[in-house]
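Please read them with the structure open.

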Amino acid sequence: SAVISQKPSRDICQRGTSLTIQCQVDSQVTMMFWYRQQPGQSLTLIATANQGSEATYESGFVIDKFPISRPNLTFSTLTVSNMSPEDSSIYLCSVLPLGAGELFFGEGSRLTVL
Amino acid sequence: GENVEQHPSTLSVQEGDSAVIKCTYSDSASNYFPWYKQELGKRPQLIIDIRSNVGEKKDQRIAVTLNKTAKHFSLHITETQPEDSAVYFCAAQMGFQKLVFGTGTRLLVSP
């Protein structure tokens, strides 16, 4: 298993600002992903965070809007840039631990953009 | 494209009844199919998963079946209890270990 610490757990932000979400895992993991869950909706993959290189973004998501870092095997950040009310959502970090087949989720960061 | 369809979107049952949720996926190369339960305000939690080398897997009151030919898999919950009430998501592994999720099923079990 993996223990995932995600910060902040929630925040209220002003339009046009940026916020960085941190994801720290207690053990080395092979894969780290960032998902978005809009109110009442399913989970949509934003990108795969690659260690030491640029993230791999899914269709509809771009680096300028959602820059991602992964400097090592246990830590990643997601920035939501130039926020608008449409960015109000829960952002979830998820990880695939070494030797495990199961994807684990952090508790999520609930962003409200005014 | 990569997508997973899930039905029904809502399901109401009486305590003790069975519940069935169905999903279909698009990528014939997918070989891993987990099911997640998400309670209100909580993170998704894995409840059962199945790999493409088996057709069925059971864990107490929960079972999952897979039909690779039809690209379809289902979750079966027997003897439902009020604490089973939650949103359930199916998913299929596509590409390099990423999961694509279905649209979710809100299950309500009435006492």
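1. Two salt bridges are counted between chain B and chain A in this predicted model. Glu58(A) pairs with Lys98(B) in a salt bridge whose closest N and O atoms are 2.7 Å apart. Polar contacts across the interface of chain B and chain A come to seven residue pairs. On the side of chain B that touches chain A, β4 (32–38), β5 (45–51) and β10 (98–101) of chain B each supply at least two residues. The residues of that side of chain B are eight nonpolar, four polar and four charged.

2. The size of an interface is often given as the accessible area lost when the parts come together. Here chain B and chain A bury about 1,500 Å² between them, with 55% of it on carbon and sulfur atoms. Arg43(B), Lys98(B) and Phe101(B) account for 36% of the area that chain B buries against chain A, more than any other three residues. In residues, the contact draws 17 from chain A and 16 from chain B.

3. How many disulfides are there over all chains? The search of the whole structure gives two. In chain A, the sulfur atoms of Cys23(A) and Cys93(A) are 1.9 Å apart and form a disulfide. This link of Cys23(A) and Cys93(A) is left-handed, with -60° about the S-S bond. It links distant parts of the chain, from Cys23(A) in strand β3 (residues 19–25) to Cys93(A) in strand β9 (residues 89–97), 70 residues apart. Cys23(A) is buried at 0% relative accessibility, and Cys93(A) is buried with a relative accessible area of 0%.

4. In chain B, Cys23(B) is joined to Cys90(B) by a disulfide, S to S 2.0 Å. The torsion about its S-S bond is about -100°, so this disulfide is left-handed. Because Cys23(B) lies in strand β3 (residues 19–25) and Cys90(B) in strand β9 (residues 86–94) of chain B, the pair ties together parts 67 residues apart in sequence. Cys23(B) is buried at 1% relative accessible area, and Cys90(B) is buried at 0%.

5. Cys13(A) is in no disulfide, and the nearest cysteine sulfur, that of Cys23(A), is 18 Å away. Cys13(A) counts as buried, at 6% relative accessibility.

6. Ser76(A), in strand β8 (residues 75–80) of chain A, is buried with a relative accessible area of 0%. What does the side chain of Ser76(A) make a polar contact with? The partner is the side chain of Trp34(A), at 3.0 Å. A polar atom of the Ser76(A) side chain also lies 2.8 Å from the backbone oxygen of Ser69(A). Among the residues that Ser76(A) touches are Cys23(A), Met32(A) and Ile68(A).

Notes
Residues are numbered from 1 along each chain as its sequence is written. Chains are lettered from A and ligands numbered from 1 in the order in which they are written. This is a predicted model: local features need pLDDT of at least 70, side-chain atom pairs count only at pLDDT 80 or more; totals for chains, interfaces and linings use all residues. Side-chain values use heavy atoms; hydrogens and water are left out. Helices (H or I, at least four residues) and strands (E, at least two) are DSSP runs, numbered from the N terminus. Buried means under 20% relative accessible area, exposed over 50%, partly exposed in between (1.4 Å probe, protein chains only). A polar contact is a pair of N or O atoms within 3.5 Å; within protein, one must be able to donate a hydrogen and the other to accept it, and residues adjacent in sequence count only if both atoms are side-chain atoms. Contact means heavy atoms within 4.5 Å. Buried area is the accessible area (1.4 Å probe) that two parts lose on being put together, summed over both. A salt bridge is a side-chain nitrogen of Lys or Arg within 4 Å of a carboxyl oxygen of Asp or Glu. Ala, Val, Leu, Ile, Met, Phe, Trp, Tyr, Cys and Pro count as nonpolar, Asp, Glu, Lys and Arg as charged, and the others, Gly among them, as polar. A disulfide is a pair of cysteine sulfur atoms within 2.5 Å. Lists of a residue's contacts leave out its neighbours within four places in sequence.
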